[in-house]
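Dear colleague,

Please find below the structure that I am handing over to you. My notes on its nonpolar cores and on the packing of its helices follow.

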Amino acid sequence: MKFWLFLVCLSATTLSAQITPDQVHSDFVLRQRRADFDRHMKEKTIRATFALPLNSDTEEKYIEACWAISQFLLRSPEIEKGFRNIFARYGTLSYETQRALLEAVYGVYPTEFKSEIKKVRSREKHAKLFAMQTVYLYRQDRSKPAVVLLRKQMQLNFPTYKDNVLLVQLDNYLQTHDKLLKHQTPDIKTLFAFRKLSGQKTIYSFQRWNRDQPGLAILQEADGRFARDSSGKLKVFQQLARSASNLPYFITNGSTPQGIYSIQGTAVSHNAFIGPTPNIQLVMPNEADSLFWHNDYDSLQMPLTNYLNLLPPSWRTYLPMTESFYAGLAGRTEIIAHGTTIDPEYFKAKPYYPLTPTMGCLCAKETWNITTGKILQSDQLDLANTFLATPGTTGYLMVINLDNKQQRVSREEIEKLVAGFAEK
């Protein structure tokens, strides 16, 4: 079994109509399937691989092992020893193996590999690997002197770093991240009013800066009204915007960037971990420009100007809303809003349990009957059906960090944001 294929395959079948819960079924969630998968992953994908010599013939197996460890946040003395063995051969490895190692180490061992990271970083020549190494060290020491040294090494390794979009985002992150945690988010009601005038559907995914805390999404219909249930209660949908690695937004497989995404409709994925629940297909700016725009595009304007024009004037200078723009420019792709068949018990000790992280997408809460394979509860299905309940299959989705509170985004908070807004 090619473990990593489960993670990277995002092919899908397009849908245009609502489906009912009894139409959603997955064998992948069955008790025995989960047990078999867990055993194979730990015994074959990881343990057996780490027992092999590391060379060009076995590197692909090591990549699979690192992806598995990263996705399921697995720790053990055996894994730690395996990582140290990989670091010992780091300079001889392919880029793909190096990246898989760094992603797993960042996600699972946040402090234990500082010396190894510092050593390889001093001579790193690949921008993305350097960025991953840098944010690992920054997370441990965010003091001003430490940041000065981190930036100095970047200037030494990459004298023309200002020509590299990813390194520019890294530099901005080092200098502004802590400051942004304290900034006030612009007035949300102003955004609601502006999007109402657009005549387009808009999904808002409200998150925390600390992505360990799950967020909530709401849907504003094309007429400006917010989706509500039959009793008039605001519909909210649980979403986790944290990737398994929790790398920053500008790095592949990092947590979901803030900013604007173009909704392309709904589809059913063939990825076993995402599952058969209809997902919201999204396109990032700079990922597929011809698809991104649902409004007039001024070819005489700079792309960023057109992007910012999707926001009210008071939001256009709020830098966090440009994360998706620059993440797309740096090469991030295939971020969607989907469900999950992953066993939440892997994350039982985490603040976001029972939601499950993925590889940077917005992942909704879903629970399954592990005896029948039927869906029991799905915020993702409710979101997709709600989106399709009114005419039109396109629109925009906006990811917004509200603040840095160390708690889940609550229904009460979102209802206060919506309260008083003139929907009619």
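The largest nonpolar core holds 84 residues, and the members that touch the most others are Ile 46, Phe 83, Ile 86, Phe 87, Leu 167, Leu 170 and Phe 250. Helix α7, residues 127-140, supplies the largest share of this core, with 9 residues. Please bear in mind that the model is a predicted one.

Leu 170 deserves a separate word. Apart from neighbours within four places in sequence, Leu 170 is in contact with Phe 130, Ala 131, Thr 134, Val 135, Met 154 and Phe 250. There is also a second, separate core of 32 residues, and Phe 206, Tyr 307, Leu 308 and Val 409 are among them.

I turn now to the helix pairs. Two packed helices are described by the angle between their axes and by the distance between those axes.

The pair α3 and α4: helix α3 (residues 59-72) packs against helix α4 (residues 77-88) at an angle of about 135 degrees, and their axes lie 12 Å apart. The two helices are therefore oblique to each other, and their crossing is left-handed. On the α3 side the contact is made by Tyr 62, Cys 66 and Ile 69, and on the α4 side by Ile 79, Phe 83 and Ile 86. By class, these residues are 6 nonpolar, no polar and no charged.

The crossing is right-handed. From α7, the contact involves Phe 130, Thr 134, Leu 137 and Tyr 138; from α8, it involves Val 147, Leu 150, Gln 153, Met 154 and Asn 157. The contact has 6 nonpolar, 3 polar and no charged residues. Phe 130, Thr 134 and Met 154 are also in contact with Leu 170.

The pair α5 and α7: the axes of helix α5 (residues 95-108) and α7 come within 10 Å and cross at roughly 20 degrees, which makes α5 roughly parallel to α7. This crossing is left-handed. Contributors from α5 include Tyr 95, Arg 99, Leu 102 and Glu 103, and those from α7 include Lys 128, Met 132, Tyr 136 and Arg 139. By class, the contact has 8 nonpolar, 2 polar and 4 charged residues.

With kind regards

Key
Residues are numbered from 1 along each chain as its sequence is written. This is a predicted model: local features need pLDDT of at least 70, side-chain atom pairs count only at pLDDT 80 or more; totals for chains, interfaces and linings use all residues. Side-chain values use heavy atoms; hydrogens and water are left out. A nonpolar core is a set of buried Ala, Val, Leu, Ile, Met, Phe, Trp, Tyr and Cys residues joined through side-chain atoms within 4.5 Å. Buried means under 20% relative accessible area, exposed over 50%, partly exposed in between (1.4 Å probe, protein chains only). Helices (H or I, at least four residues) and strands (E, at least two) are DSSP runs, numbered from the N terminus. Contact means heavy atoms within 4.5 Å. Axes are lines fitted to C-alpha atoms, for helices over the stretch in contact, and angles run from 0 to 180 degrees between N-to-C directions. Angles under 35 degrees count as roughly parallel, over 145 as roughly antiparallel, 65 to 115 as roughly perpendicular and the rest as oblique. A crossing is left-handed if the near helix is turned anticlockwise from the far one by less than a right angle, and right-handed if clockwise. Ala, Val, Leu, Ile, Met, Phe, Trp, Tyr, Cys and Pro count as nonpolar, Asp, Glu, Lys and Arg as charged, and the others, Gly among them, as polar.
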